[in-house]
Amino acid sequence: MEVAWLAQGAVAVALAGLALVALIAHLTATNMPDFNRHDDEKFFVTAEGRREPVPSIQDPATRDLSVVVPSYNEEERLPSMMDEALHYLEKRQAQDPAFTYEVIVIDDGSRDQTTKVALKYSQKYGSDKVHVLTLVKNRGKGGAVRMGVLSSRGRKILMADADGATKFEDVEKVEKGLESLQPWPDQMAIACGSRAHLEEDSIAERSYFRTLLMYGFHFLVWFLCVKEIRDTQCGFKLLTREAASRTFSTLHIERWAFDVELLYIAQQCKIPIAEVAVNWREIEGSKLVPFWSWLQMGRDLLFIRLRYLTGAWQLSRRKTD
């Protein structure tokens, strides 16, 4: 009898705790994503010092591909990624003159020379091909990506990390993944680069603690938010313009877990998603702090689920400019 009472008490405490967390998640939620731009964030800066007004994702597309590169203190790693990306894009354009592109480097409030480095590429390739948007203060990777996406002109929009961990020519693989989803409902589709096929090798190189954190994070992603994508965190994602507009106009999370909310929104909106294996390599200099970043992401995952579940966050489309 005492065991039954203890079990009932434990269940009651757990439910009360969950209810309390749900209440906190609801009360601390911001009703609308922060789309406000500082006056200086309404312009791309050119190498010559000119300021060019940023376009809006609500405008008709005028480029085939936009590449959005979130960058925070990336003066050392950015050149390698930009060299590889622009070499591929220029070669592709030479082979197909009808192909048009732009690269948007978002300096997320860096304390180093990230903007200066990016502007060298704008000067070399032209400000119509390489744009630099410097944020007044750090928003987080998700916030930086969102600012770039909402300022893009491409029919397709590629998220690519500044470290160049994913081989850039694998854009062709994710493009094929995107095409495989046709016909696209309302012209919306997403293709996610994936490192899931490399998981076994990466486990062999990780400590037991980091492996445990990884499996714990994967379980929380699956249990709370995204069921069918094995690798939600690869920073190589390709979206149609319509899918980017739909998801980023709803996105709230601005830190590391933004990918999960992005895919959660997509699944809730019935946007088809393809997961595509890509070549990936470990690059030194990651901004991810293993324990604290995982802890923050775990909290964000729980809040994503609870805030949408309790109605604190809505899936209805919001105006972004």
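Which elements do the buried residues of H3 pack against? They pack against strand E1 (43–45), E3, helix H2 (78–95), E4 and E5.

## Model and conventions

This is a predicted model: local features need pLDDT of at least 70, side-chain atom pairs count only at pLDDT 80 or more, and totals for chains, interfaces and linings use all residues. Residues are numbered from 1 along each chain as its sequence is written, and side-chain values use heavy atoms, without hydrogens and water.

Helices (H or I, at least four residues) and strands (E, at least two) are DSSP runs, numbered from the N terminus.

## The sheet

Seven strands form an open sheet, in the order E5-E4-E3-E6-E8-E7-E9. Its pairing is mixed; two strands pair if DSSP finds at least two bridges between them. Strand E5 (130–134) and strand E9 (273–277) stand at the edges with a single partner strand each, so one side of each has no neighbour in the sheet. The twist averages 20° from one strand to the next.

Strands E7 (residues 190–194) and E8 (residues 237–240) run antiparallel, joined by 3 bridges. Cys 192 has Lys 237 in E8 as its bridge partner.

## Helix H3

Helix H3 (residues 114–125) packs on the sheet and touches strand E3 (63–71), strand E4 (101–107) and E5. Contact means heavy atoms within 4.5 Å. The direction of H3 makes about 155° with that of E5. Axes are lines fitted to C-alpha atoms, for helices over the stretch in contact; angles run from 0 to 180 degrees between N-to-C directions.

Buried residues (under 20% relative accessible area, 1.4 Å probe, protein chains only) of H3 include Val 117, Leu 119 and Tyr 121. Just after H3, Gly 126 takes a positive phi of about 100°.

Technical notes
Buried < 20%, exposed > 50% of the residue type's maximum accessible area, 1.4 Å probe, protein only.
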